[in-house]
2 protein chains.
Amino acid sequence: MALSTSDDAGRYHHGDLRRALLDAGARLLRAGGVDAVTLREAARAAGVSHNAPYRHFVSREALLAAVSAEGFRDLRRRLEAADGGPKANAIGLGHIYLRFAAEERPHFLLMFGGVIDKADFPDLAEAAAAALAVLDRAVSGGGAESAAAETLRAWALVHGLAHLVAERQITPETARAVLGEEPRPPFR
Amino acid sequence: MALSTSDDAGRYHHGDLRRALLDAGARLLRAGGVDAVTLREAARAAGVSHNAPYRHFVSREALLAAVSAEGFRDLRRRLEAADGGPKANAIGLGHIYLRFAAEERPHFLLMFGGVIDKADFPDLAEAAAAALAVLDRAVSGGGAESAAAETLRAWALVHGLAHLVAERQITPETARAVLGEEPRPPFR
DNA sequence: ACCTGAACACCGTTCAAGT
DNA sequence: ACCTGAACACCGTTCAAGT
């Protein structure tokens, strides 16, 4: 009550311009790919002047990095929801990964497009690492030899399949078939 | 003699503006990534007016598609040079693939970035298919069951590793270690 | 602190001409 | 056929103000 008064909500045009810009960015990304994500269009969607976004993002790249980070958090959530559930195994997580690439193709391409340098955006780097850590735990069992050859092999296979799907070089069905449906052993 | 007189060579400013634009595009790509490839800059590099390129490429995307197609032809050449030689096996080709991703990172990201729709550029689609056919032959042995599960699995693994290298998520050395050094059996 | 409006240097793309 | 120059509608980014 003390912190969320109607006064607070009215401090910005939208209560939270950053949130509005992020949502607009995700919408533009889904609608037209990375190139369609522009600061000016996001500002327009949020109903503010074309350079109000600079109060929240230092550059267009920073907005893209933030949208990408949200994608990694979404991926992580999906992986964690499956983990511990009926799909608590490496193959199951592989299928989640494939599904994410198919359902959120523009996000996937942004997240793994190699265009945004994670070194410049610590929040993005952290979100990416957190999502991939879920995969790592599932494959290596959380042992000391984390990120070992087995994990990398499994990750590379799934990632390669996901990317080939995103590029429309293979169909999602084909990818699923290659990955296999059996719950165990992991990935192969 | 009849066709390649000095008269012909002087028909364009560069003898071959298309070639000059393609070279400029590749140079810009290597120097600054996909975003740095612009029709106006390519025109500037070729010493022509900003809209002379439209005589050879219908759009910026068409230039990018052509540069991408050249990348696929380069990749194919590398794969074929290794094929039949001392590395005439699937693992060997996998290493060539990895090397291409590391050495020509910007090209690799453009070629497999999912931004250019191959359906719109038949020449690009053909160049890509030709390069991947070399891999397919090496893995499936050219049998009738081309592009079978084994080929896809091998391709996805190598492609995933290559892409993770391009994204700087893993080092080229790690990728090589995961792929393995032994000449046989293929990939695993 | 947060937002606006004008301005600058770029783009891709189109059009009317020039040779 | 091939190229030029002007023009239009976009960008990202910066700056000087306004509240």
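Visitor: What kind of contact joins the side chains of T151(A) and D136(A)?

Guide: A polar contact, at 3.3 Å. The term means a pair of N or O atoms within 3.5 Å; within protein, one must be able to donate a hydrogen and the other to accept it, and residues adjacent in sequence count only if both atoms are side-chain atoms. The 3.3 Å pair is within that limit, so the name applies. This is a predicted model: local features need pLDDT of at least 70, side-chain atom pairs count only at pLDDT 80 or more, and totals for chains, interfaces and linings use all residues. Side-chain values use heavy atoms, with hydrogens and water left out; residues are numbered from 1 along each chain as its sequence is written, chains are lettered from A and ligands numbered from 1 in the order in which they are written.

Visitor: Which residues does T151(A) touch?

Guide: D136(A), V139(A) and S140(A), not counting residues up to four places away in sequence. Contact means heavy atoms within 4.5 Å.

Visitor: Why do the copies meet through the same surface?

Guide: Because 100% of the interface residues of chain B are also interface residues in chain A.

Visitor: How many residues are in contact, and what area do the chains bury?

Guide: 25 residues of chain B are in contact with 25 of chain A. Together the two chains bury about 2400 Å², 61% of it on carbon and sulfur atoms. In chain B, R153(B), Q169(B) and V178(B) lose the most area to chain A, together 21% of what that side buries. Buried area is the accessible area (1.4 Å probe) that two parts lose on being put together, summed over both.

Visitor: How many polar contacts and salt bridges cross that interface?

Guide: The rule finds zero salt bridges there. It does find five residue pairs in polar contact, both residues at pLDDT 80 or more. On the side of chain B that touches chain A, α6 (105–111), α8 (149–166) and α9 (172–179) each supply at least two residues. The largest share of that side, ten residues, comes from α8(B).

Visitor: What makes a set of residues a nonpolar core, and how many are in the largest?

Guide: The set holds buried Ala, Val, Leu, Ile, Met, Phe, Trp, Tyr and Cys residues joined through side-chain atoms within 4.5 Å. The largest has 118 residues; Y97(A), L161(A), Y97(B) and L161(B) have the most contacts inside it. Among the residues that L161(A) touches are L98(A), I170(A) and A156(B).

Visitor: What makes D123(A) and R73(A) a salt bridge?

Guide: The term needs a side-chain nitrogen of Lys or Arg within 4 Å of a carboxyl oxygen of Asp or Glu. Here N to O is 3.6 Å, so the pair qualifies. The pair links distant parts of the chain: D123(A) is in helix α7 (residues 122–140), R73(A) in helix α4 (residues 60–82), 50 residues apart. D123(A) is partly exposed at 40%, and R73(A) is partly exposed at 32%.

Visitor: What do R19(B) and E70(B) tie together?

Guide: Their closest N and O atoms are 2.9 Å apart, in a salt bridge. R19(B) lies in helix α2 of chain B and E70(B) in helix α4, so the pair ties together parts 51 residues apart in sequence. R19(B) is partly exposed at 33%, and E70(B) is partly exposed at 25%.

Key. Buried means under 20% relative accessible area, exposed over 50%, partly exposed in between (1.4 Å probe, protein chains only). Helices (H or I, at least four residues) and strands (E, at least two) are DSSP runs, numbered from the N terminus.
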